[in-house]
Amino acid sequence: MHRKTLLSAAIISCLAFSAHAQEAAPAASATDLDTVTVTGIRGSMEKSLDTKREANSRVEVVTAEDVGKLPAHNVADTLQRLPGVNISSSSADEGGFDEADRVSLRGTSPSLTQTLINGHSVGSADWFVLSQGSNVGRSVSYTLLPSELVSSVEVHKSSQAKLQDGGTTGTVNIVTRKPLEFANQITAEASIGAVRSDQAKSNDPQLSGLFNYKNDEGTFGVMVQAFSQKRELRREAQEIPAGFLQIDPEGTVAQSNPDLAGVYAPSLLGSTLFEQTRERKGGLIGLQFKPMDNLTLGLEGFSSKMDANNYNRNFMLWGGSILNDVKDKDGNVTRPGQVPDAGYVVKDGVLTNANFAGQAGRDYAVYDMIYREATAKSSYVTLDADWQINDSLNAKFQAGNTKGTGSTPRQFIAEVTVANGGGASWTTHGNSAPIDWNVGGDISPAGVTSFGTWGNQEVTAEDKEKWFTADFNQYFDTGTLSSIDFGLRYADHKREALSPEGASPGDIWSSLQNGATANFPGGFAGGIGGKFPRNLWYFTPGALKDAILNNSEWLANNDGPTGRHNYGGEWKVAEKNFAGYVQANFAGDRWSGNVGLRYVNIDQDINTYQAVSDAANADVSSLFGMWKALSFNNKHDRILPSANIKFDMSDNLVFRFAASQTQTLPDFSALGASSWGSDLSRTGGGGNPKLDPVLSTNFDANIEWYFMPRGLLSVGAYSMNLKDYVAFGTETQMLFSELTNQLEAYEVAVPVNSNGKVTGLEVAYEQPIGDNFGVNANYTYADGSTSHTWEDGSNNLLGTSKNTYNVGGYFENDTFGARVSYTYRSSFLIGLKGASPYYQDDFGTLALSLSYKATDWLSVSFDALNLNNPTLKYYQSTAIPSAFYENGRQYYLNFRFKY
C-alpha cells in the first residue's frame, strides 16, 4: 500500500508540474526522433546516443546501418552489452551453451521481459523437449532471430501507457527494415561466409541476402530477405543431472552408520557428451504502398525454422542405486543399500569422499544415450495502415497473426546398466571443480546387464496469437500539452503442449547390442579438469535409430487405454486480452514528459490433467495411466499508470525520472502443466492454475552527461516491488513411472505466488579517443530478494546477478574497423533441481570483431565469439556442484556484397 501511495504521488507531481509550467516552446511529438545518416561503428554509436537522448522515456538503442552490421550473429549477443541487460544460453534444464538464447532486464528472469517485433508479439517455441511441454515461459527464443533482419533494437526500461503490456521489468522491441526507408531505388545485398566451431571441428556455411525495390515516386516498395545458416555444436561436460540426494535415515545405510543419516551424496555423476546440428533457414518479405500522400499501407511476413537434431550421451555413476534400498510395491527391502568402505569423509553434511568395494550383482553405472529429432519455428504476418487523417491527427492500425512451434517428433533412447560388481568411488571438491569419480567392472557393450527405453513419443508445443491494434495521436500546436496518444488492443493467445502418439517398444536390445559404436572424442572435456571416465563408447545415432524403429510399434490415432496418448504431458492456456490506453505528452522550456493510464482485461482458460489411480475417477486413459480432466478460468483486470519526465538541465546534461506499474502473467507451464517427473531421480514439476499475475511498482531515475559528440557518462538508480512474484515450493505427488509401469512417489516442484523486490544502480560510459579510437563500459548492480524461502534457506530472486559489467574498445577508419568486448555476469539462481535450488556461477565472455571495406561494394568481416572459452559452472551450494560445461570458440568469416 505504501509503494502504491508513492507511485500515485509521483504521477500526481508530474501532472502538477505540467499544469503549472510556463507556456511551452513549439516542440515535436514526444515520439519523434531525429534522423541521422551514419555509417560504421562510430556512426552507429552516435545514432544510438542521439535516439537515447531525444526519447522521453528510459530507453537503450542498438542500431545497424548495414545488414549484418550488429557486432554479433544473434540479436541477444548484442543486447548483452547494454547496461541492465542479462542473457542466458538456455530456457530450461538443457544446461549452458555457446549461443545467447534468452534476454532479461535488471536482475530478473527472462519471463518478466517482453520481446516484440515492430511493436507486436511474436510466437515462439523451443527445440529442447522440456521447454516444449514442462518448462514453458513467456520469453522469446533469440536463436530464431538472426541479426541480419534487424534495423534497430529498442530496450524500454521505463513503461509508457502506449507500450504493449506484458513486460514487468521492460520491453525489447526489434525493428525490421522497411521498403520505403531505403535511399536508393534498388538495393541488393548478400553475405557469403562460414563459421568454424573449434570444439566440434566443423566448418559450416552462413548465407544471407536482401533485395529492395521502390519506385521513383516513393509510393511502392518491396523487400525480400533470406537466410540459411548452419552450425555444429559439441558440448563436453560433467553433469550431476539429479542433484545430490539425502541418505534415508530409515534406510540400511543410515541404520548401519548413523553418522550418514540425512547426509547429501551424488544421485548421479555423469560424463556427458552433447552434439547438435543447428540449421536455421527463413526470411522476411515486406510490402509498402502509398495510395495517397497521407496513407501508407504495409504487409509483412516473417518465417524462421531451425532444425536442431541432437544426441546426448551421459555415462553415470549411479549413486542412488548404490546407497538406497530397493523395495517392492509392499515396501519390503529386496536389495539393501551399500555402506561405503571405512575411511569415508563427511564434511558440511556432504559425503565428500567414498569408496565402495564391488558387490556381485550390483550395477554401479547407468548409461543414457538419447538421440532426438527436434525443430523450432516462428512466423508472423502483419497488415498495417498509417493514416494522417489531418494536420493534427494520425491513426495507425495493425492486424496480425503469429505462430511458434517447437517439436520433438521422435526420441530414440537407450538406457543400459554396466559396471556390475565393479565398485565405485568419488571425491568432491566443492562447487569450483568437477568431482573425481570412477567405477570398476566391465563398462563395454559386452558388460551391459540390462536395457531399457522410454520417451519415443511425439512432443509438440504450439504458441499462437491473433491481434488487432488501433493507435491514435492528436497533436496540438500551442500550449504545454503537445499531443495525446490513445488506442486499444485486442489479442487472442493460445499456448498448448501436445503428446498424442508414440511407440511401444519391442525387443530392441537383440537388434541394438551388436549395433555400430563410436568413441568419445580425444581430449574429451580436457578444459574443465577433474578425473572421471572419458574413454567411453556409444551407439551411433544410426544404430540407435534403426534398432528402435525396426522393433517398436508406433501407435497413432489411438486415444484410448491401449494407445500412447500421453495426457499427462498435455495442457492448454488460452488468453483473451483487451487493453485501452490514453497518454498525454507534454513539452515545455527545457523539459518534456508523459503521463498515462493503460487498462488491461484478461480472460484466461486453463485445461490440464491430474493423474488418478481409480478408474471411476478417470476421464481418459492410455498406456501411461489414467487422468481426470481439469478446467479453470481466471479473470484479471487492472489499470496500470505510468509517468516519465525529462529535464534538459543544460545543453549537455539530461535528468530523467519515471514511475509506473507493470504486469506479467505467470509462465504458461506454471499455470497449465500437468505434473511430470524423472523416473531415475523421482523428482519433477507441475503447474498451479490459480497463480496471480506479477504486478510491479517501478521507480527509475537517471542523469546523463553528453560531454562530447559520441561521449556519454550516465548514472541511474531503479527499484521494482514485485507483488505476487512466482517462486517454487515442493510437494510429494503420485505419478506414473515408465520404469515400473505404476504410480510412484515423486518430489514435485510447484509454483506459488510470493513477493519480491529488486533495487539497483546502472553506470554507463562511452568516449571517442581522437578520430578513430573509442572505449565503452557499463556496470549494473542488482540486489534482488523474495519473501519465499528456498530449501537452502536463501531468499534469492530468480535470475538476479548482483554484478554485471561490459568493457570494450574500438578502432575505425575509412577502410578498417576493429572492436573487442568483454561481458561479465555474476552468479544467479536458475530454478530447482529436484527440490533444491541451483545456480549458475559467474562467467565472462570475450568477443572480437574485425572489418575491412575493400571497395564500395565489397566488405569483409571476421568475428570471434567465446574467445576465452569459459567453463560454465552450475551448483546447488558451496559444497555441491551441478554441472561443468565446455563449448569451445566460434569464428565467423563473411564477405558482404552491396549494390
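**Entry 1: a run of strands near the end of my list**

How many bridges pair β47 and strand β48, and in which sense? I looked this up in a predicted model, and I found five bridges, with β47 and β48 (residues 881-886) antiparallel.

Then I checked the pairing of β47 with strand β44. β44 covers residues 836-840 and β47 covers residues 871-875, and two bridges hold them in an antiparallel pair. One of the residues I followed here was Q840, whose bridge partner in β47 is Y874. My sketch now shows β47 paired with β44 and also with β48.

**Entry 2: strand β3 and its two sides**

Next I turned to β3, which spans residues 102-105. Which residues point one way from this strand, and which the other way? I wrote down R102 and S104 for one side, and V103 and L105 for the other. I had a general rule to set beside this: side chains in a regular strand alternate between the two faces of the sheet. Buried or exposed, I asked about these four residues? I found that all of them are buried.

I also looked for the partner of β3. Strand β2 (residues 85-88) is joined to β3 by four bridges, and the two run antiparallel.

I picked S158 next, which I found in the loop between β5 (150-156) and β6 (170-176). Why does S158 count as buried? Its relative accessibility is 5%, and the cut-off for buried is under 20%, so S158 falls on the buried side.

I then listed its contacts, skipping neighbours within four places in sequence: S57, R58, L163, N644 and A658. The side chain of N644 makes a polar contact with the side chain of S158 at 2.8 Å. With R58, the backbone nitrogen lies 2.9 Å from a polar atom of the S158 side chain.

I met R58 again in another search. R58 belongs to a network of salt bridges that also links K52, E60, R106, K157, D700 and E762.

**Entry 3: salt bridges**

How many salt bridges does a search of the whole structure find? I got 37, and I looked at a few of them one by one.

My pick to start with was D485 and K162, with their closest N and O atoms 4.0 Å apart. This pair links distant parts of the chain, since D485 is in strand β25 (residues 481-498) and K162 is in the loop between β5 and β6, 323 residues apart. D485 is buried because its relative accessible area is 5%, whereas K162, at 25%, counts as partly exposed.

Then I looked at D724 and K723, whose side chains meet in a salt bridge at 3.0 Å, N to O. At 13% relative accessibility D724 counts as buried, while K723 is partly exposed at 41%.

I ended with E239 and R235. Their closest N and O atoms are 3.7 Å apart in a salt bridge, and both residues are buried.

**Entry 4: a nonpolar patch on the surface**

I moved to the surface and found a nonpolar patch with about 1,100 Å² of accessible area together. Its members include I186, F211, F220, L287, V381 and Y899. Which strand gives the largest share of the patch? That is β12, with three residues. At least two patch residues come from each of β9 (220-239), β12 (268-292), β13 (295-307) and β19 (363-388).

I took a closer look at F211, which lies in strand β8 (residues 202-214). Its relative accessibility is 39%, so I wrote F211 down as partly exposed.

**Entry 5: A547 in a helix**

My last stop was A547, placed in helix α8 (residues 541-550). A547 is buried, with 2% relative accessible area. Leaving aside neighbours within four places in sequence, I found A547 in contact with I508, S511 and L512. I also compared its position with that of S89, which is 458 residues away along the chain; their C-alpha atoms are separated by 33 Å.

Notes
Residues numbered from 1 in each chain as written. Predicted model: local features only at pLDDT ≥ 70, side-chain atom pairs only at ≥ 80, totals over all residues. Heavy atoms only, no water. Buried < 20%, exposed > 50% of the residue type's maximum accessible area, 1.4 Å probe, protein only. Polar contact = N/O pair within 3.5 Å; in protein donor to acceptor, adjacent residues only side chain to side chain. Contact = heavy atoms within 4.5 Å. Pairing = 2+ DSSP bridges. Patch = residues over 30% accessible without salt bridge, like charges linked within 9 Å, V, L, I, M, F, W, Y side chains within 5 Å. Areas by Shrake-Rupley, 256 points an atom, 1.4 Å probe, with all protein chains shown as cover.
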